[in-house]
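I opened my notebook to look at one protein chain, a step at a time. Come along and keep the picture in view.

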Amino acid sequence: TRIAADAVVFNGDAGALGAGLLGGDVRRASPATRVGRRSLSALVWCARTRAEGFPLSHHTVFFGPDYPREFSEIAAGRLPPDPTTYVCAEDRAAADGPPPEGPERLQVLVNAPATGDTDQAPSEEEIARCREETCSLMARAGLSLELSPREAVLTGPREFAALFPGTGGALYGRATHGPVASFLRPTARTRVPGLYLVGGSAHPGSGVPMAVLSGAQAAQALMADLASMPRFRPVAISGGISTRSPTTARMR
């Protein structure tokens, strides 16, 4: 289906443009859309389960014993052992607040390589082992919870890659290592007139607040560009007579 438009705001990953998934005409819409090193993906368990033994806050991070090794393993395309684990307890406001009665909603996240569109994507056995190691890490800190398939729904690199084509499951656009890497993200305007980029892969960066800012920047750029477009097209009319303007007549 083809829909004519003065402007298009693309909310997919900018890497999908560079990979040619939207056609060759927009493949080089921005020099920053070329396929580069991907950021992290994740294993995310969304569960409704009981959490006991540890005073969870709304946000809690359990750090693994070897942080540098964790990212070395991910860079090599492997799930890390004893991964750092982030837990969002959606029904809790603070650590000193009363815990919910009965099962509660939890989101448990560990970092993973963005290999969801390759043969290096984590296998079911590797994911099961990572789940056991994640639960063991939290248990050593005093938190007991269940993340079995019966209790939790998993979204991993393969699922994220299917949701966001061109990413391999990367959640934050291109990798932003180095002091100037964040400035290499594509801006709202592109080389293609009328095509604008928004989302976590565009400037200023990933995360909900940054993605919202990218939307505001794209909207400002779009409105400014539309305002500068000519409103009327010159039309040639056959016939008629030619007369001098009053200004020209006074100057003679």
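My entries below go from the whole chain to single residues.

**Entry 1: the whole chain**

I began by noting that this is a predicted model. I looked up the secondary structure and found six helices and seven strands. Along the sequence, I read the order as β-α-β-β-α-β-β-α-β-α-β-α-α. The chain has 252 residues, and 36% of them count as buried. Then I checked contacts between residues at least 6 apart in sequence: 69% of these join residues at least 24 apart. The chain exposes about 15,500 Å², with 56% of that supplied by carbon and sulfur atoms.

**Entry 2: helix H2**

Next I picked helix H2, which covers residues 67-75. Which residues of H2 are buried? I wrote down Glu 70, Glu 73 and Ile 74. Seen down the helix axis, these buried residues fall within an arc of 100°, so they line one face of H2. What covers the buried residues of H2 includes strand E5, residues 104-112. On the face turned away from the buried side, I found the exposed residues Pro 68 and Ala 75.

**Entry 3: the two ends of H2**

Asp 66 sits in the loop between E3 and H2, and it caps the N-terminal end of H2. A side-chain oxygen of Asp 66 lies 3.2 Å from the backbone nitrogen of Arg 69. Is Asp 66 buried, partly exposed or exposed? Its relative accessible area is 39%, so I noted it as partly exposed. I also compared its position with Pro 80, which is 14 residues away along the chain: their C-alpha atoms are separated by 9.8 Å. Just after H2, I came to Gly 77, with a positive phi of about 85°.

I first wrote down the general rule: most residues other than glycine have a negative phi, and most peptide bonds are trans. Asp 82 has a positive phi of about 45°, although it is not a glycine. I located Asp 82 in the loop between H2 and strand E4, residues 85-89. Its relative accessibility is 26%, so it counts as partly exposed. What about the peptide bond from His 203 to Pro 204? That bond is cis, with omega near 10°. Pro 204 belongs to the loop between E7 and helix H5, residues 208-228.

**Entry 4: a patch on the surface**

Val 61, Phe 63 and Tyr 67 make a nonpolar surface patch of about 310 Å². I traced Val 61 to strand E3, residues 59-62. At 42% relative accessibility, Val 61 counts as partly exposed.

**Entry 5: Thr 167**

My last stop was Thr 167, in the loop between helix H4 (157-163) and strand E7 (195-197). Its relative accessible area is 3%, and buried means under 20%, so Thr 167 is buried. Which residues does Thr 167 contact, leaving aside neighbours within four places in sequence? I listed Asp 13, Arg 38, Ala 114, Phe 160 and Ala 161. I also found a polar atom of the Thr 167 side chain 2.7 Å from the backbone oxygen of Phe 164.

Technical notes
Residues are numbered from 1 along each chain as its sequence is written. This is a predicted model: local features need pLDDT of at least 70, side-chain atom pairs count only at pLDDT 80 or more; totals for chains, interfaces and linings use all residues. Side-chain values use heavy atoms; hydrogens and water are left out. Buried means under 20% relative accessible area, exposed over 50%, partly exposed in between (1.4 Å probe, protein chains only). Helices (H or I, at least four residues) and strands (E, at least two) are DSSP runs, numbered from the N terminus. The arc is that of the directions from the helix axis to the C-beta atoms. Contact means heavy atoms within 4.5 Å. A polar contact is a pair of N or O atoms within 3.5 Å; within protein, one must be able to donate a hydrogen and the other to accept it, and residues adjacent in sequence count only if both atoms are side-chain atoms. Patches are made of residues with over 30% relative accessible area and no salt bridge: like charges are joined within 9 Å, nonpolar side chains (Val, Leu, Ile, Met, Phe, Trp, Tyr) within 5 Å. Accessible areas come from the Shrake-Rupley method with a 1.4 Å probe; for residues, only the protein chains shown count as cover. A salt bridge is a side-chain nitrogen of Lys or Arg within 4 Å of a carboxyl oxygen of Asp or Glu.
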